[in-house]
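Please look over the model below with these notes beside it.

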Amino acid sequence: MYKKRNFLICIFITAATVLSACSKTALDRINTPNTKSAREAIEESEYTAEPISVPRQSPESGTELFTGTGETDHASAFAETRNPDGVESSAETGRAVSGETDRTDTAANETFIIPEGNTPGTRIRTPQGYTRVPAEQGSLAEFIRNYPLKEDKSPVLLYDGTKKRNQTAHAAVFSLPIEAEDLQQCADSVIRLYAEYFRETGQDEKIAFHFVNGFLAEYVKWREGYRIKVNGNDVVWEKTASYDDSYESFAAYLRMVFAYAGTLSMEGEAEETTLGELEAGDVFLQGGSPGHVVLVLDVCENADGRKAFLLGQGYMPAQEFHVLKNPKREEDPWYYEEEVTYPFQTPEYTFIQGSLKRLAL
């Protein structure tokens, strides 16, 4: 009886310690003597904002549960020193756990990486018997398939230019721009890829993302000179600048979105889909603080209509967007439809049933 009581006390103390660690904000992580905070970097530009208080709803009561900065995923995320890169996550909660994974390599004689290729479509060969699903001209699928990659075997770099600790999870690194603050993490990387696509294809009106408190940040208003002003939970537009459609202004808009959006707000912009309907741009998404999201980059099919797909992610701390390996296969980065079961394992996160979604952007 006494042993059982002591065991329960140990569990309680351990849980309290973890919750305390989780309460650290991303700004705590990056406010070092040699590192400028994300907030300071924004405030030094003409694009300023005050801290935003974001209401969290209690599942039981629907009342306000937590009030903090708008960087929800960033605010409650584990720091890299507390949540080392390369660990997996539990099926029930998505929290990080350690452990090895059984791997199979049914295509040991296949070569999937073509070092000379400089895009996902030319760098990563499809499995034998599979062909890429046709991508319509001007589609997101075409945009991602032809997006420039960094040189083969490039490391994944953090926002400050240092190497990510875990260099075993990626098959390739995108040349997607990344901001110099610890903002562009998982949901933010997906937001950026979508925003870059919409801007590249002249669909500026579609560049619009919700903050966690529900405010819709529309790039077309920002472009017209409106700026986002925050007072507690109240967020409004104010006309304080002239028309500016430069890339610098676009990047400043994205930094504002990154600060106040995350997987929680992305959940509200997504609907469940199925593997049978899978297409590039879909996501495996688990909203939370922290939550996680990975993006479907490309899809191929065999003669029987079975799909295989590539996944990409950003992660925390903010880091370069990269193509994920398949933890079940040593050299094959493709994930196969018939092998997908839940909990669904990726190199650094495990997703629960219902996580496969399509963004309504």
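How many of the 14 residues of α9 are buried?

1. The model is predicted, so local features need pLDDT of at least 70 and side-chain atom pairs count only at pLDDT 80 or more, while totals for chains, interfaces and linings use all residues. Residues are numbered from 1 along each chain as its sequence is written, and side-chain values use heavy atoms, with hydrogens and water left out.

2. In α9, 12 of the 14 residues are buried, so this helix is largely enclosed by the rest of the structure (buried means under 20% relative accessible area with a 1.4 Å probe, protein chains only). Among them are Ser 249, Phe 250, Arg 255 and Tyr 260.

3. Helix α9 covers residues 247-260 and reaches 20 Å from its first C-alpha to its last, close to the 20 Å expected at 1.5 Å a residue (the expected span is 1.5 Å times one less than the number of residues; helices are DSSP runs of H or I, at least four residues, numbered from the N terminus).

4. The structure holds 22 aromatic pairs, and one of them, Tyr 194 with Phe 198, is tilted, at 6.0 Å centre to centre and 50° between the planes (rings of Phe, Tyr and Trp, the last by its six-membered ring, pair if their centres lie within 6.5 Å; planes under 30 degrees apart count as stacked, over 60 as edge-to-face and the rest as tilted). Both residues are buried, and they are 4 residues apart in helix α7, about one helical turn.

5. The charged end of Arg 199 sits over the ring of Phe 250, 4.9 Å from its centre (CZ of Arg or NZ of Lys must be within 6 Å of the ring centre and within 35 degrees of the ring normal).

Notes
Helix = DSSP H or I, 4+ residues; strand = E, 2+ residues; numbered from the N terminus. Buried < 20%, exposed > 50% of the residue type's maximum accessible area, 1.4 Å probe, protein only.
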